[in-house]
Amino acid sequence: MTDINPISEQHQVVVCDPIDFTFTTPELILNIIRPLIDANSLPALLSLSTISSTFLQIIRTSETFWKELCHQRWKEKWDFHRRWEEALKHYDVFNECQEARDSRVTFWRQRYFEQEQDATRQSISPRELNLLTFDFRFWIGQPTVVDERIVVKSGLLQSASKDIRFLNNEEEHQVVEEGNEDWFSYRGALTGHPCREPGIEWFMNESSIIQWGFRPNLWPKGEIRRTELWGWEIRNVSHSL
């Protein structure tokens, strides 16, 4: 009997990383490009592809190249370890899926641009907010007497609390019902405030404008926004978190 194999060895397609057959070892090209990789390096690296068809292939399809680019780009960013470990796990899942491997998608290239896009996002979900811990710093200090003069320090002062949390009131985030006339869409309990008083609530709308205090006399509204290191900060006229 003849052993019939639906895919003969001659027709099996082996997907190779272009780095592997261009350089003696993948580390060789990585050692060359690693000093070039920084926050603004991608355009320069892409320009190399215009003078080398081999490097163009690397840019398009090399997982090794894009993985290194992701690592160099993310390592100085906020929450690097969680972002990196999550990407490694997703890459393993990606490789286990035949359909994904056949799609000709370069996983690390796609993840690189996904994270770049996410870094421009200026709104935060209530669930994300709930997972964060903030450092509370006042812009204006308490009045003190120096040489018989009242002095009020300004600038970003020392931390007043390093354990500010915006928590849920219940298991799920409390969402304000439609038709409610209040300005906010979400609310919960705030803990760790320097005043140490219980019962402080927080309120946030869809645009990530946030306010907290004791209703109806809340403290000034703050704005949640992204930092250059891809973290989150909250600022209003009196403090920064």
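**Ground rules.** I am looking at a predicted model, where local features need pLDDT of at least 70, side-chain atom pairs count only at pLDDT 80 or more, and totals for chains, interfaces and linings use all residues. Residues are numbered from 1 along each chain as its sequence is written, and side-chain values use heavy atoms, with hydrogens and water left out.

**E4 and E6.** I looked up strands first (DSSP runs of E, at least two residues, numbered from the N terminus). Pairing here takes at least two DSSP bridges between two strands. E4 (residues 159–167) pairs with E6 (residues 186–191) in the antiparallel sense over three bridges. Leu 167 has Ala 189 in E6 as its bridge partner.

**E6 and E7.** How many bridges join E6 and E7? I found four, again antiparallel, with E7 covering residues 201–204. Gly 188 is bridged to Trp 202 in E7, and Tyr 186 stands opposite Met 204.

**Sides of E7.** Glu 201 and Phe 203 point one way, Trp 202 and Met 204 the other, and all are buried (under 20% relative accessible area, 1.4 Å probe, protein chains only).

**E7 and E8.** E8 (residues 209–214) pairs with E7 in the antiparallel sense over four bridges. Trp 202 faces Trp 212 across this pair. The two strands make a hairpin with four residues between them, and Ser 208 in the turn has a positive phi of about 65°.

Terms used. Buried means under 20% relative accessible area, exposed over 50%, partly exposed in between (1.4 Å probe, protein chains only).
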